[in-house]
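Please look over the model below. The report takes the chain interface and then one residue in turn.

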2 protein chains.
Amino acid sequence: MSIRLLILLCLITTQATSQIPTDSAAFFIKDIYRQTLAEEKAYSWLTTLTKGIGPRLSGSEKSIKAIHWAKATMDTLGFDRVWLQPVMVPHWERGEKEQVLMITPGAGVTELKALALGNSPGTGSQGVRAEVIEVQSLDELRSLPDEQIEGKIVFFNRPMDLGLTSTFSAYGGAADQRTSGPVAAAERGAVAVVIRSLSTRQDDYPHTGMTQLSDKIQNIPSVAVSTNDAVVLSNTLKKGKVELYIRTSCQMMEDALSYNVIGEIKGTTHPEEIILIGGHFDSWDVGEGAHDDGSGCMHSMEVLYRLRKMGYTPNRTLRCVLFMNEENGLRGGKAYADSSFANNEYHLAAIESDAGGFTPQSFGISPGAETSLDSAMSHMSGFMELLEPYDIELKAGGGGADIGPLKPKAGVLMGLRPDSSRYFDFHHSGLDTLENVHPRELAAGAAALTSLVFLLDQYGIGE
Amino acid sequence: MSIRLLILLCLITTQATSQIPTDSAAFFIKDIYRQTLAEEKAYSWLTTLTKGIGPRLSGSEKSIKAIHWAKATMDTLGFDRVWLQPVMVPHWERGEKEQVLMITPGAGVTELKALALGNSPGTGSQGVRAEVIEVQSLDELRSLPDEQIEGKIVFFNRPMDLGLTSTFSAYGGAADQRTSGPVAAAERGAVAVVIRSLSTRQDDYPHTGMTQLSDKIQNIPSVAVSTNDAVVLSNTLKKGKVELYIRTSCQMMEDALSYNVIGEIKGTTHPEEIILIGGHFDSWDVGEGAHDDGSGCMHSMEVLYRLRKMGYTPNRTLRCVLFMNEENGLRGGKAYADSSFANNEYHLAAIESDAGGFTPQSFGISPGAETSLDSAMSHMSGFMELLEPYDIELKAGGGGADIGPLKPKAGVLMGLRPDSSRYFDFHHSGLDTLENVHPRELAAGAAALTSLVFLLDQYGIGE
């Protein structure tokens, strides 16, 4: 037993609470792992969600079907309360399959594999045809004279930097092309934007994702091409002028009624302190939203399911939240926080799983408004040593998009950090399917999260 | 900076050696990761090995082809010396595809997917046909009266326990059926053995692997059936008598000449202290030996390649060893140790990578003959903190089969421990192919090993 653990144990035993000694906690966690790995419950639910329903873009019919399935499933799990929380969400539709043609004088026409970016306007039925100009960054775009951009299609082609240890850092270093490239190009007079897919693989699968719109300009159509086709386009441009023809029929519809799905087990000794575990239930409309974020949602359901099945009576109130509309609006996260603030709720801890169903490596922690990171890290490092045998560490920084709005009235915000090696192979593409989720890796995440929620319920977050 | 790291730094700076300060070491390790992740060299070699050559069973033609490819490749990498170390190895051949038929009175004949166990004798061209008796363990077999076993085919059907956190533990808890089941059954008069494949998945792929022979009895034919077919067979047995017909044409040939492949970079200040990094180059004859252990071999080659490419001049002698015949004899490991002892060599550290090309989690360490685990752990924990940002820990226990014979004259034995979630999905089966290795996960292992070898070369293993 480490010194930190010994100190924690001494502290705990001097308090009159319903806390259990850490050696018993170690046995309980071992049992959580044993049962979670053996049953693979999250995978079984994810199979139904992905193969029985499919992708769940905000406002879509399938997203509503999934919401009702999740509520009906939670209703069978013996929670104290399960409810739908209404929220109006953006409703963007892709429409017909995109057509992106590369037209090279003398060399004919080549079709590129492409997906319109989420939120992007369509081209209209005639499509857009223009000469292409390649840039590596928004800065490079800004440095160019207007006449080189006006009337052109801007091609953002900076790859993710695979030399970085975390693929999330590599994604973060390239994603501005997708999120801000179309508006930046439109402001300079471009007629459309093509981006190199944000992917860790060199392959034929385009990756979609949200692009920001501006209400000050005419937004322009934008698409992502596969990494292989980005190389083809770039190599062709090296030889001379290239035109692209782009036709998309995507459009933004009226906002639609949707829901967060919430399940709750009421706490006994401190019911007013909420421990939230959640993921986002919406996904992009390609693939099946298996890793992003079916996995995090099934993780969250399993945490409450597992603790209830093991006969555990929590001190605090445990809440599982499947947030709607993380991908293109965050309306679910905002609506949940608004409602929570209106009801004067306090979240002792809000935890999000939105980084895929891969083998967990650590939990990231960020302080809420009235907590110090140092004290929370120090307190939690003690009991988190119980997760050391499972190769789970505690690291500073992290949380999740959906739980972010809770920060002003939360103790700590935390995020599960799984191995990120494969995440961006699949993310936002047709490859984000059940076949690319491993049942045992998914189960390891559920076990880690269940153990964390158990530990937080037992030992809190310190002063 | 931690206190341990600070103390280590003080110790280091008071010694007159060619050691570099730990802050410089941290930068060097960052560069190792950056270059290794960006270049994916191990994956590029593994592609040639698996797709250009294929599986490499000891004594096979392909194993010799692979040996010459590895030597020729190392010859281009600027090592100080590359050589082949001759070793006589067992030469077992599978022969024609196995036939295993389940014959049920009234229900006809069903073919089961099966692979003969390595080393197993064949059935002869007539095959073996007998009634099946199912047991869950060697103990259960021992408890049965002779008349229930004599003339029967014994079916060992205990699954791996997926509730265990490490799949290696689950494998270890079930593997006695494969390694010792056939001899135990033969001693009781059985005519053949069938085992449930040692696999973490419920699927149609049989998994082979070594079974032990005895020179005191007539060894009997033994095969593994896929986990799906094990369930089919067991369910059919629940309904009444079942016969199996087994035909295999495998046979043990004369021992064959083979080689360990060794590459070396000579140390400058302590050339007499060897740091070995190795894997085993032989594989089973199904699949491509991609994870087991093409990955470990390519890891090992990359460690020396990377350090040389980065212009690093080692203090100690670095040696990369591709051992032959780990799977069914360990002759390469023994021959290497014999030769090393004869030459009065001292291995400061011997490290093996033989647990797949998955994301690394930790290094296991075991003491050699004259080292204390506590002192080595304590010394190394200091500088291993430099690997904490990469989620790599140091854990007690571990090494590798091939380096085991070096123990009497080694400082420490160490083993890379990657995420084990998927390893036994593929291990010893037709699924152990390049497609199931992820380039980035493989690269992360190479980076971790290169960093470890660098740290050991800089800071040694303590008193």
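How many residues of chain A are in contact with chain B, and how many of chain B with chain A? In this predicted model, 29 residues of chain A touch 29 residues of chain B. Arg34(A), Asp391(A) and Arg440(A) lose the most area on the chain A side, together 22% of what that side buries. The area buried between the two chains is about 2600 Å². Carbon and sulfur atoms give 40% of that area.

Six salt bridges are counted between chain A and chain B. One of them joins the side chains of Arg34(A) and Asp161(B), at 2.8 Å from N to O.

Three elements of chain A give two or more residues each to the side facing chain B: α2 (22-39), β15 (393-396) and α13 (439-459). The largest share, four residues, comes from α2(A). By class, that side of chain A holds nine nonpolar, eight polar and 12 charged residues.

Thr50(B) sits in helix α3 (residues 41-53) of chain B. Is Thr50(B) buried or exposed? Thr50(B) is buried, because its relative accessible area is 3%, under the 20% limit. Beyond neighbours within four places in sequence, Thr50(B) contacts Glu288(B), Ala290(B) and Leu434(B). Glu288(B) is 238 residues away along the chain, yet the C-alpha atoms of the pair are separated by 5.3 Å.

| Backbone oxygen | Distance to side chain of Thr50(B) |
|---|---|
| Leu46(B) | 2.7 Å |
| Thr47(B) | 3.4 Å |

Note on methods
Residues numbered from 1 in each chain as written. Chains lettered and ligands numbered in written order. Predicted model: local features only at pLDDT ≥ 70, side-chain atom pairs only at ≥ 80, totals over all residues. Heavy atoms only, no water. Contact = heavy atoms within 4.5 Å. Buried area = accessible area lost by both parts, 1.4 Å probe. Salt bridge = Lys/Arg side-chain N within 4 Å of Asp/Glu carboxyl O. Nonpolar A, V, L, I, M, F, W, Y, C, P; charged D, E, K, R; others polar. Buried < 20%, exposed > 50% of the residue type's maximum accessible area, 1.4 Å probe, protein only. Polar contact = N/O pair within 3.5 Å; in protein donor to acceptor, adjacent residues only side chain to side chain.
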